[in-house]
Amino acid sequence: MADDVLYSLEDGVAWCTINRPEARNALNRAVRQGLWDAFRRFAEDPAALVLVLTGAGDQAFCAGGDLKEMAETQLKVPPPDFVPYLGRSIQTDKPVIAAVNGAALAGGFLLAQMCDLCLAVDTARFGISEARWGRGAPWGAPLPWLIPPRVALELLLTAEPIDAQRAYQIGLVNQIVKPAELRERAQALARRIADNAPLSVRASKAMVYAAAERGWSAALEEGDRLFEPVYLSEDAQEGPRAFREKRKPRWQGR
């Protein structure tokens, strides 16, 4: 994996860091390939239970596509594999957290949007700037599920960013933290998830997205289907047993 994207594993938590701070972590070819490598590595590694996606430096999580590179290559319609898009071009049933350390603009907004949870520093900004440069944001289609439709329209039509506080108010961000606390807080949240029964965690994630895609009635049926193997698993017996014996559960993922 190129140095433009760093990958490490800490106590079951994978960290993927876009490492191009001098260019505001913009998505050039090397970064995009590094992200593909990192997400594939995470998806395939049973030791990696949760992934945290962040950017290097304190200015930008990711400022979006590298406009200089786009101009040089005369990019028109981005291909489906332009960047890894969770739930669309790459699949994982394991949770992914965005730790937004600065501006998340255009493609950077996409990366934060596609994650399951989002922490942001109090100086972070979120914006869909494509209209300003004559580009498109088809990846923004799920936004009305995440935030109010009129706020989604405001972001898309004005191309003006919003600050971390407003992003939190509309539900785009789960927690706002101080910059010095971002890594510690993201690791703690990831570990809290990783400490839970993995089959329950993954079925919960799948059920929430099924509700978004199919509606509540169908999602209830899908929830029954997803959680039946959880109830029938060895872990489902281990949880109550650990509670009775006053010890931490030893999850097997089966």
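By class, 7 nonpolar, 1 polar and 1 charged residues make up the lining of the largest cavity. Welcome to this predicted model!

**The cavity**

- How many cavities of 30 Å³ or more are there? The count comes to 1 cavity.
- Rolling a probe the size of a water molecule over the atoms shows where empty space is left.
- The volume of the largest cavity is about 60 Å³.
- To find the largest cavity, look for the residues of its lining: Leu-49, Val-50, Pro-95, Ile-193, Ala-194, Asn-196, Pro-198, Val-201 and Arg-202.
- Which helices each supply at least two residues of this lining? They are α8, spanning 182–194, and α9, spanning 198–214.
- Helix α9 gives the largest share of the lining, with 3 residues.

**The sheet**

- Strands of a sheet pair through backbone hydrogen bonds, either parallel or antiparallel.

**A closer look at β8 and β9**

- In which sense do β8 and β9 pair? Strand β8, residues 125–127, pairs with β9 in the antiparallel sense, over 2 bridges.
- To see where these strands face each other, find Arg-125, which stands opposite Asp-163 in β9.

Conventions
Residues are numbered from 1 along each chain as its sequence is written. This is a predicted model: local features need pLDDT of at least 70, side-chain atom pairs count only at pLDDT 80 or more; totals for chains, interfaces and linings use all residues. Side-chain values use heavy atoms; hydrogens and water are left out. On a 1 Å grid over the protein atoms alone, a cavity is a set of points where a 1.4 Å probe fits but cannot get out, and a pocket is an open set with protein on both sides within 12 Å along at least five of seven lines; lining residues have an atom within 4 Å of a point. Grid points are joined across faces, edges and corners, and a volume is the space filled by probe spheres set on the points. Helices (H or I, at least four residues) and strands (E, at least two) are DSSP runs, numbered from the N terminus. Ala, Val, Leu, Ile, Met, Phe, Trp, Tyr, Cys and Pro count as nonpolar, Asp, Glu, Lys and Arg as charged, and the others, Gly among them, as polar. Two strands pair if DSSP finds at least two bridges between them.
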